[in-house]
Amino acid sequence: MSQHDSFFQDVYDVVRLIPAGRVTSYGAIAAYLGRKGSARMVGWAMNQAHAIGDVPAHRVVNRIGVLSGKHHFQTPTRMQEQLEAEGVRVENDQVQDFARLFWHPERELA
DNA sequence: GATGTGACTGACC
DNA sequence: TGGTCAGCCACAT
């Protein structure tokens, strides 16, 4: 990836700030970075994130708490396993108690 | 360089 | 309640 894509870098920075055991959504990150409506770009950033290495992409799910990106991990179960290892309950590809675990960038980083 | 696709989302019907 | 559409923009073909 090009160092020049500050948006992607910002996405990675925000994702790295997500506390273990918490989750957030693509749209929330996009909105926090002033790219409201560009949730897909956050998704694409996550697609490239594996190359970075230290980006906890498993803590990013869609707006209803579904692990929509699981198929992009090393194995389809990797995302759920990592979340559960952090204490996040996942059932049928969906984060349980999502509303309570949701990490709001603009609220937490204000 | 046009076209299609997507780890998304909100609005509309 | 549930399906579709339209924006979003980087990337592959």
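I count a residue as buried if 20 or more other C-beta atoms lie within 10 Å of its own, as exposed if 12 or fewer do, and as partly exposed in between, with the C-beta atoms placed from the backbone. I note that this is a predicted model, in which local features need pLDDT of at least 70 and side-chain atom pairs count only at pLDDT 80 or more, while totals for chains, interfaces and linings use all residues. Residues are numbered from 1 along each chain as its sequence is written, and chains are lettered from A and ligands numbered from 1 in the order in which they are written.

**Entry: chain A as a whole**

I looked up the elements of chain A and found 6 helices and 4 strands, taken as DSSP runs numbered from the N terminus (H or I of at least four residues for helices, E of at least two for strands). From the N terminus on, they run α-β-α-α-β-α-β-β-α-α. The radius of gyration of chain A, taken over C-alpha atoms, is 13 Å, which agrees with the value near 13 Å that a compact globule of 110 residues would have; the globule rule is 2.2 Å times the number of residues to the power 0.38. Of the 110 residues of chain A, 32% count as buried.

**Entry: helix α3**

Which residues of α3 are buried? I found Val 42, Gly 43, Ala 45, Met 46 and Ala 49 to be buried in this helix. Seen down the axis of α3, these buried residues fall within an arc of 155°, so they line one face of the helix; the arc is that of the directions from the helix axis to the C-beta atoms. Their cover includes α1 (6–17), α2 (26–32) and β2 (60–61), whereas Arg 40 and Asn 47 are exposed on the other side of α3.

**Entry: Ala 39**

I then turned to Ala 39, which is found in α3 (residues 39–49). Ala 39 counts as partly exposed because it has 18 C-beta neighbours inside 10 Å. Leaving aside neighbours within four places in sequence, Ala 39 is in contact (C-beta atoms, placed from the backbone, within 7 Å) with Tyr 26, Gly 27 and Ala 30. The C-alpha atoms of Ala 39 and Asn 62 are separated by 9.2 Å, although the two are 23 residues apart along the chain.

**Entry: DNA strand C**

Which residues are around DNA strand C? I list Gly 37, Ser 38, Arg 40, Met 41 and Trp 44, where near means that the C-beta atom, placed from the backbone, lies within 6 Å of the strand.

Methods. Two residues are in contact if their C-beta atoms, placed from the backbone, lie within 7 Å.
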